[in-house]
Amino acid sequence: MMTEETSADKTRREVSEVIKSLQWLMDKHDGYFALGDINGDEAAIHCSGVCTTCDTKCIEEAIKEKLPHLKIIFR
């Protein structure tokens, strides 16, 4: 029996795909980020390493390219 993907599940999957596509960049810069909670149209991204002090917004821009309605909250 297949279950239908919920909106939150779809958002989580799509954000996870973006994160996976950027992993090479994080590895190169010794940074780390991971998807946290998704609540409606907000997604929490947990950062560590150089990602905490970087202001280039590469993560947010990559996610917004695929999900423009999503508000990204960095923690």
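## Largest pocket

The largest pocket holds about 290 Å³ of space. A pocket here is an open set of points on a 1 Å grid over the protein atoms alone, with protein on both sides within 12 Å along at least five of seven lines. Its volume is the space filled by probe spheres set on the points, which are joined across faces, edges and corners.

The lining comprises 15 residues, each with an atom within 4 Å of a point. Cys51, Cys54, Thr56, Cys58 and Ile59 lie nearest the pocket centre. Helices H2 (23-28) and H3 (58-66) are the elements that give two or more residues to this lining. H3 gives the most, with 3 residues.

## Model and numbering

This is a predicted model: local features need pLDDT of at least 70, side-chain atom pairs count only at pLDDT 80 or more, and totals for chains, interfaces and linings use all residues. Residues are numbered from 1 along each chain as its sequence is written, and side-chain values use heavy atoms, without hydrogens or water.

## Fold

The chain has 3 helices and 3 strands, in the order α-α-β-β-α-β. These are DSSP runs: H or I of at least four residues for helices, E of at least two for strands. The C-alpha atoms fill a box of roughly 40 × 25 × 20 Å along the principal axes.

## Burial and charge

Of the 75 residues, 32% are buried (under 20% relative accessible area, 1.4 Å probe, protein chains only). The chain has 10 positive side chains (Lys and Arg) and 14 negative ones (Asp and Glu). The centres of the two sets lie 1 Å apart.

Key
Buried < 20%, exposed > 50% of the residue type's maximum accessible area, 1.4 Å probe, protein only. Charge placed at Lys NZ, Arg CZ, Asp CG, Glu CD. 1 Å grid on protein atoms, 1.4 Å probe; cavity = no way out; pocket = protein on both sides within 12 Å on 5 of 7 lines; lining within 4 Å.
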